[in-house]
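Please have the sequence and the structure open while reading this note. The points below can be checked one at a time.

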Amino acid sequence: DFSRAVDQLVGETSVVPGKATGDFVRETGEALNKKYAHRAGELYDILNRGIDPMQSVRADALRVFAEGAERTGASASFMDDLVKDTLRLFRESENGIPLNQLSWQNLDDIRRKAGRLSDTRTADVDAGMAKQIYKLAKQEQDRIVKELGPAEQKAWRNANRYAKRHAEWKK
C-alpha cells in the first residue's frame, strides 16, 4: 500500500497522501467542469445573437412528445413542470409566432432548462422526461443551424462539444 511505503521512507505521517491527491483531482475536475459549462453557455449565447430570437420554429416532434406526456384530471398535479412549460409555450404563441410553434428563443430556453434538469436527483423532476425533451429540442436546433452559415455552424458545434464535456463530467 502506497501510504505505508511513504511512512517507511519518511517516517510516520498524519496526513494520508491519497486524500490530498484526491482533493486536488476533485477540485481540478470541478474547475474544468465549470469552465466547460461556462464556455458552452457563452458559445450558445453568441449563436443566439446571430439568429432572430422570434424566428418561428415548428418543433413538431417536441410538441407531440409533450402532448403525449400531458396528464389531465387528478393526475395533472403530478405532471412535470418542464412539460407544462413546454406546452404553455406552444399554446400561448406570442409576437406573431403561429399557434403550435415556438420562437427560437423559447426553443433554446426549453433545451437549456431540460439540460439542467436532466441530471437532477430530486423527486419532483422526471430526469428521463427532461433528457427526452432536451434531445428533441436539440435535434430541432441542429436542423435549423444546418441552414445557417459556416460561422454559426462552427459556434454551434463548439458549444455542443463543451456542453457534452460538461455532461460527461457530471456523470
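1. The side chain of Ser 103 reaches the backbone nitrogen of Asn 106, at 3.0 Å. Ser 103 belongs to strand S2, which covers residues 102-103. Ser 103 counts as buried because its relative accessibility is 2%, and the cut-off for buried is under 20%. Leaving aside residues up to four places away in sequence, Ser 103 touches Pro 53, Met 54, Gln 55, Val 57 and Ile 97.

2. A word on confidence. This is a predicted model. The average pLDDT of the protein is 80, and 80% of the residues score at least 70. Among the elements, S2 has the highest mean pLDDT, 92, while helix H1 (residues 2-10) has the lowest, 59. Where pLDDT is low, the predicted coordinates should not be read in detail.

3. Helix H5 takes up residues 104-117. It has 14 residues and spans 20 Å from its first C-alpha to its last, close to the 20 Å expected at 1.5 Å a residue. Which residues of H5 are buried? They are Trp 104, Asn 106, Leu 107, Asp 108, Ile 110, Arg 111, Ala 114, Gly 115 and Leu 117.

4. The largest nonpolar core has 34 residues. Those with the most contacts inside it are Leu 62, Val 83, Leu 102, Trp 104, Leu 107 and Ile 133. At least two residues of this core come from each of H2, H3, helix H4 (81-91), H5, helix H6 (127-145) and helix H7 (150-170). Which helix gives the most to this core? H6 does, with seven residues.

5. Not counting residues up to four places away in sequence, Val 83 touches Ala 66, Ala 69, Glu 70, Met 129 and Ile 133. Ile 133 is also listed with Val 83 among the core residues that have the most contacts.

6. Now the charged side chains. Side chains of opposite charge can pair when their charged atoms come close. How many salt bridges does a search of the whole structure find? It finds twelve. One of them joins the side chains of Asp 45 and Arg 112, at 2.8 Å from N to O. Asp 45 lies in helix H2 (residues 17-49) and Arg 112 in helix H5, so this pair ties together parts that are 67 residues apart in sequence. Asp 45 is partly exposed, with a relative accessible area of 33%, and Arg 112 is partly exposed too, at 22%.

7. The Asp 45 and Arg 112 pair belongs to a network. Salt bridges link Asp 45, Asp 108, Arg 111 and Arg 112.

8. Arg 63 and Glu 67 meet through their side chains at 3.3 Å, N to O. They are separated by about one helical turn, because they are four residues apart in helix H3 (residues 60-69). Arg 63 is buried at 16% relative accessibility, whereas Glu 67 is partly exposed at 32%. Glu 147 forms a salt bridge with Arg 143, with the closest N and O atoms 3.3 Å apart. Glu 147 is exposed, with a relative accessible area of 60%, and Arg 143 is partly exposed at 40%.

How values were computed. Residues numbered from 1 in each chain as written. Heavy atoms only, no water. Expected span 1.5 Å × (residues − 1). Buried < 20%, exposed > 50% of the residue type's maximum accessible area, 1.4 Å probe, protein only. Polar contact = N/O pair within 3.5 Å; in protein donor to acceptor, adjacent residues only side chain to side chain. Contact = heavy atoms within 4.5 Å. pLDDT = per-residue confidence, 0-100. Salt bridge = Lys/Arg side-chain N within 4 Å of Asp/Glu carboxyl O. Core = buried A, V, L, I, M, F, W, Y, C linked by side-chain atoms within 4.5 Å.
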